[in-house]
Amino acid sequence: MITIDNLSRTYGSTVAVDHVSFVAEAGRVTGFLGPNGAGKSTTMRMIVGLTQPTTGTATIAGRRFADLPNPGVEVGVMLDASAQHAGRTGREILGIAQQTMGVPARRVDEMLELVSLTSAEADRRVGNYSLGMRQRLGVGTALIGNPRVLVLDEPANGLDPAGIRWMRDLLRDFADGGGTVLLSSHLLREVEIIADDIVMIGQGRIVCQGSKASLLRGEGSVARAADARALLRALHASGHDATVTSDGALTTAAEPSVVGRVAVEHQLALTELRAAESGLEDMFLELTANTQRDTRRERTVA
Ligand SMILES: Nc1ncnc2c1ncn2[C@@H]1O[C@H](COP(=O)(O)OP(=O)(O)OP(=O)(O)O)[C@@H](O)[C@H]1O
């Protein structure tokens, strides 16, 4: 678990992070989103002790990063995959991490296999790696100490579609095994798929946070019926507004339970019935546009 409590950081007159509080829970993937310059990297740097907070604290399983005796076995960190020493080989970089953390030497080969870097690639200098290969190496370095917490800044950056899926499965398995994952990303579709919880910031402040399911749950229902027109008439007759979209689905402000009851009362067969959802991209643009116009609001959903 990562606990961020009232965390702020200012640089001169720039407020990079402005009294941010949230918890990234164990067993869940928390997506950390925000436009360029919103304060994501600064927050992550404060979590791992690279930047000193102006106010507040960040703790990992109750302790500050600086107080962890062997941080690499507690928290895996990948903030900038391009920051790896270009003159060293991938195997050397993993070897240094393995020795520093004092974990068994076999972890190097295990990590190479986990992140799908071949033996030949492992012996090449990192300066010759593609961005995606560096990301893979960065993930291997983050995981070599077998930590329970992962802090990853843009982990899918530079990965091909198969690599993105691989990363998604890896992080899902990590969280399903009880691990904590905090990741930032601009790939909203990706976050929409993988995240359990979402924290969104704009201009250093939280603009919304909560479970993905709660945040994306829209109002009303989407339904399909064998006879859409009949369902439309039935809803209207029951006092509910509804429209049939061009693809034959019916949208209404009525909750699914209400639509289901009306369908039963009129003996209509439904082929689909679900709560309406709003997309993460729409939510992101709406909420962060507000922060850019400096008319901020905060939304918290359990
Ligand atoms: N060392 C620094 N000195 C001065 N200003 C800084 C420093 N680090 C960050 N900032 C400023 O803090 C703000 C937040 O930057 P940060 O890198 O945390 O944003 P971000 O959300 O990670 O952005 P991006 O999505 O572009 O990576 C920006 O205005 C940035 O210019």
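1. Strands E8 and E9 form a hairpin with 2 residues between them, and in the turn Gln-203 has a positive phi of about 50°. Strand E8 (residues 197-202) pairs with strand E9 (residues 205-211) in the antiparallel sense over 6 bridges, and Gly-202 stands opposite Arg-205 in E9. Pairing here requires that DSSP finds at least two bridges between two strands, while the elements are DSSP runs numbered from the N terminus, with helices (H or I) of at least four residues and strands (E) of at least two.

2. This is a predicted model, in which local features need pLDDT of at least 70 and side-chain atom pairs count only at pLDDT 80 or more, whereas totals for chains, interfaces and linings use all residues. Residues are numbered from 1 along each chain as its sequence is written.

3. An open sheet of 3 strands has the order E2-E1-E4 with antiparallel pairing. Strands E2 and E4 (55-60) stand at its edges, each with a single partner strand, so one side of each is left without a neighbour in the sheet. The twist averages 20° from one strand to the next, where angles run from 0 to 180 degrees between N-to-C directions and axes are lines fitted to C-alpha atoms, for helices over the stretch in contact. Strand E1 (residues 2-11) and E2 are joined by 7 bridges, and the bridge partner of Leu-7 in E2 is Val-20. Helix H1 packs on this sheet, touching E1, E2 and E4, and its direction makes about 120° with that of E1; contact means that the C-beta atoms of two residues, placed from the backbone, lie within 7 Å.

4. Which elements each supply at least two residues of the shell around the ligand? They are strand E2 (14-24) and helix H1 (40-47), with H1 giving the most, 3 residues. The residues around the ligand include Tyr-11, Thr-14, Lys-40, Ser-41 and Thr-42, a residue being near if its C-beta atom, placed from the backbone, lies within 6 Å. By class, the shell has 3 nonpolar, 7 polar and 1 charged residues, taking Ala, Val, Leu, Ile, Met, Phe, Trp, Tyr, Cys and Pro as nonpolar, Asp, Glu, Lys and Arg as charged, and the others, Gly among them, as polar.

5. Helix H2 (residues 90-101) packs with helix H5 (residues 131-143) at an angle of about 20°, their axes being 9 Å apart. H2 and H5 are therefore roughly parallel to each other, on a scale where angles under 35 degrees count as roughly parallel, over 145 as roughly antiparallel, 65 to 115 as roughly perpendicular and the rest as oblique. In this contact, Gly-90, Ile-93, Leu-94 and Ala-97 of H2 meet Leu-137, Gly-140 and Thr-141 of H5, and by class there are 4 nonpolar, 3 polar and no charged residues.

6. H2 also packs with helix H3 (residues 106-114), at an angle of about 130° and with the axes 9 Å apart, which makes H2 oblique to H3. Here Arg-91, Leu-94, Gly-95 and Gln-98 in H2 meet Arg-107, Val-108, Met-111 and Leu-112 in H3; the classes are 4 nonpolar, 2 polar and 2 charged residues.

7. A further open sheet has 4 strands in the order E11-E12-E10-E13, with antiparallel pairing. Its edge strands are E11 (242-244) and E13 (270-277), each pairing on one side only.
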